[in-house]
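Let's take a quick tour of a protein model. Have the sequence and the 3D view open as you read.

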Amino acid sequence: MLNIGVMVSGGGTNLQAILDAISNGVLLNCRVSTVVSSKEAAGALIRAEKAGIPTKVFSRSSYSESWKMDEDICRHFKDHKVNLIVLAGFLSLIGSKLIQEYSGAILNVHPSLIPAFCGKGYYGIIPHVKALEYGVKLSGATVHFVEPEYDSGPIVLQKAVAVQEGDTPETLQLRVMKEAEWVILPEAIKLFSEGRLKIKGRRVEILEEKPV
Ligand code: GRF
């Protein structure tokens, strides 16, 4: 059984995509064992509670030093026997201890085709605002392994979404979520759970078959 710890900050539609993939049998031998939020008011917490999943809020403002929060988050995931962490709309940078302890076992979903429109400051609606300003014809989403820099680790899956005439940042954001994020995030978790992702430097090899 793969125990997934999901980190959230917002509405939790990506968390919902994971929960749906588990309940409809797309993700086998997986469960979300805890949901961690950086914000008390995150709608994702309501989704988690509805699904009977233990939640915990780690708010930066209640810690004098960030390394202490990093340690507590790490302990929380260990206590819940988490073996894969998924950042699903999580808006903060995660700590170095967590990255070390869960090296090669943290996935993030980002709403652009990395390396475009990513990095520090590119969160929420901003990648879509910038993509439209730039005039790209294609945007999309990326699932990647997490390294210390924002949006920097080896790429697992990407899916392109066409920009349409008259798109606003909001319409593009919604289409990228529906057509790309909610599709490739569960898919990447499935590949991870089947042991089919091999990190080789900057590249991720996807094995055809589950290793025996
Ligand atoms: C998504 O576009 C995610 O990629 C971004 O925040 C948005 C909202 O995510 N980082 P969610 O509804 O909270 O999953």
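Predicted model: local features only at pLDDT ≥ 70, side-chain atom pairs only at ≥ 80, totals over all residues.

**Helix α2**
- Helix α2 covers residues 43–50, and A44, L45 and A48 are buried in it.
- Those three sit on the same side of α2 because they cover an arc of only 100° around the axis.
- What do the buried residues of α2 pack against? Their partners are β1 (2–8), α1 (13–23), β2 (30–37) and β3 (55–57).
- After α2 comes G52, with a positive phi near 75°.

**The largest pocket**
- The largest pocket holds about 680 Å³ of space.
- It is lined by 37 residues, and G89, F90, L91, Y123 and G124 are the closest to its centre.
- At least two lining residues come from each of α1, β5 (106–110) and α6 (169–193).
- Sorted by type, the lining of the largest pocket has 17 nonpolar, 15 polar and five charged residues.

**The second largest pocket**
- For the second largest pocket, the volume is about 240 Å³.
- Here 15 residues form the lining, and those closest to the centre are R60, M69, S92, L93 and I94.
- Which helix gives the most to the lining of the second largest pocket? That's α3 (residues 66–79), with four residues.
- The lining of the second largest pocket splits into eight nonpolar, five polar and two charged residues.

Conventions
Residues numbered from 1 in each chain as written. Heavy atoms only, no water. Buried < 20%, exposed > 50% of the residue type's maximum accessible area, 1.4 Å probe, protein only. Arc of directions from axis to C-beta. Contact = heavy atoms within 4.5 Å. 1 Å grid on protein atoms, 1.4 Å probe; cavity = no way out; pocket = protein on both sides within 12 Å on 5 of 7 lines; lining within 4 Å. Points joined across faces, edges and corners; volume = space filled by probe spheres on them. Nonpolar A, V, L, I, M, F, W, Y, C, P; charged D, E, K, R; others polar.
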